[in-house]
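Hi,

Here is the structure I promised to pass on.

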Amino acid sequence: MLTDEQLEQLLTEIESDRVERKQSLSDPDKIHEAICAFANDMPGHAKPGVLFIGVRNDGSCAGEPITDKLLISLAQMRDDGTILPLPSMIVQKRVIVGCELAVAIVQPSRTLPVRYRGRVCIRVGPRRATATGDEERQLVERQRGFNLPFDARETVGATLSDLDVGYLRDEYLPAAIDPDVLAENRRPIEHQLRAIHFQGPGGSPTYAGLLVAGIDSTAWMPGAYVQFVRFAGTELSDSVRDEKLLSGRLADVLRGVDDVIKAHNEVTVDFTSHETEVRVPAYPLAALQQIIRNAVMHRNYEGTGAPVRVYWFDDRIEVHSPGGPYGQVTAENFGEPYVSDYRNPLIAEAMRTLGFVQRFGVGIAIARRELEKNGNPPLEFDVQPTAVLATLRRRP
């Protein structure tokens with residue numbers, strides 16, 4: 001946490017490449033670019049960059065009202081899915097040299113490079129720029145000294161032949177990287193995969209790369225699949241009506257899950273006072289999707305062979321996710337709005353790129369809203385140190 005004295009010094013250093021000053025949020029593109037550039041930390045300061053809202057370029061107070069709505073809007077710029085991998089950022093209201101400001105403190109990322117809408121933004125002195133190919137490679141090489149999250153680590157023994165390179169080149173890369181950037185650089189596939197964190201500096205695929213495009217990801221992560229079981233009753237001891245193991249590329253697993261839950265979700269027919277037919281599902285599809293996708297995104301893939309389990313009973317659905325709370329998320333604040341952290345930032349990025357996530361940090365809120373609209377009981381969580389159980393109860 002930066003002190004008021006440290007923030008005052010940064011605010012008054014007009015030429016600092018760790019500072020961006022804005023009078024308001026009127027130009028969100030520039031603010032996103034600034035957050036992305038601070039996360040990349042091209043100068044190598046290994047210190048946070050600071051975005052001040054409510055101040056002019058000369059450091060004088062602009063008199064902008066710093067409301068809760070402004071603070072929430074600024075915080076949501078990190079989670080709207082346009083900056084990937086997700087940076088670490090704290091937003092606060094602070095009073096510096098008598099001026100009330102919104103302050104966004106952005107930490108240097110461990111998973112480099114970070115992109116905004118497919119482009120790598122960096123700081124060149126006091127101005128922003130788009131990184132060249134050489135600058136991107138410098139950022140990738142810098143990861144060697146970091147304690148990377150599990151999904152960004154290189155696998156031991158895997159090679160490029162363990163990835164479906166055709167799928168990556170033809171489908172994933174055009175979705176992940178700005179088309180103009182792809183057209184300009186014409187780099188070898190190995191360099192492109194390193195830029196999206198699917199190949200490490202040593203040449204082996206990362207765990208994220210194997211999960212997204214692995215020919216057999218379970219050979220390297222035994223629990224990287226979803227187990228679906230439909231019980232004919234309300235107990236684990238009841239007979240099994242249907243069972244499926246969904247494995248393969250991440251997109252195929254998630255699409256397969258969608259197909260299964262649609263097939264098993266019963267629909268009842270209600271009639272309004274005007275004899276209009278209304279079809280109501282036992283469970284709202286959006287709520288089920290959000291909870292299962294959250295489990296796939298946030299689960300622990302390291303050191304466990306346990307899958308994400310979807311157990312469908314006559315009266316409820318249980319979604320079991322290996323791995324307890326992570327980072328700033330605790331058992332006490334689990335599920336609270338705007339409290340989120342990412343054990344697997346590259347998997348989160350891939351789910352956004354593939355279209356399974358639109359915004360980050362809102363999945364549980366969406367599930368709760370959809371359950372209430374559909375007439376289901378409230379969503380329940382049992383949060384343990386090594387696992388999270390989400391229970392969705394059937395609509396009466």
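Along the principal axes, the C-alpha atoms fill a box of roughly 70 × 55 × 40 Å.

Before the details, the ground rules: this is a predicted model, with local features needing pLDDT of at least 70 and side-chain atom pairs counting only at pLDDT 80 or more, while totals for chains, interfaces and linings use all residues. Residues are numbered from 1 along each chain as its sequence is written, and side-chain values use heavy atoms, with hydrogens and water left out.

On to the whole-chain numbers. Of the 396 residues, 51% are buried (under 20% relative accessible area; exposed is over 50% and partly exposed in between, with a 1.4 Å probe and protein chains only). Among contacts with a separation of 6 or more, 67% are between residues 24 or more positions apart, a contact being heavy atoms within 4.5 Å. The accessible surface is about 17,700 Å², and carbon and sulfur atoms hold 48% of that (Shrake-Rupley method, 1.4 Å probe). As for charge, the mean positions of the 45 positive and 55 negative charges are 2 Å apart. Lys (at NZ) and Arg (at CZ) are the positives, Asp (at CG) and Glu (at CD) the negatives; His and the chain ends are not counted.

Now for the backbone. There is a cis peptide bond between Leu-84 and Pro-85, with omega about -10°, and Pro-85 sits in the loop between β3 (83–84) and β4 (89–96). Another cis peptide bond joins Leu-112 to Pro-113, with omega about 0°; Pro-113 belongs to the loop between β5 (99–106) and β6 (115–116).

The loop between α2 (28–40) and β2 (49–53) is worth a look too, as the place of Asp-41. Phi of Asp-41 is positive, near 50°, although the residue is not glycine. Ala-46 is in the loop between α2 and β2 as well, and its phi is also positive, near 60°. Buried or exposed? Asp-41 is buried, at 9% relative accessibility, whereas Ala-46 is exposed, at 64%.

Cheers

How values were computed
Helices (H or I, at least four residues) and strands (E, at least two) are DSSP runs, numbered from the N terminus.
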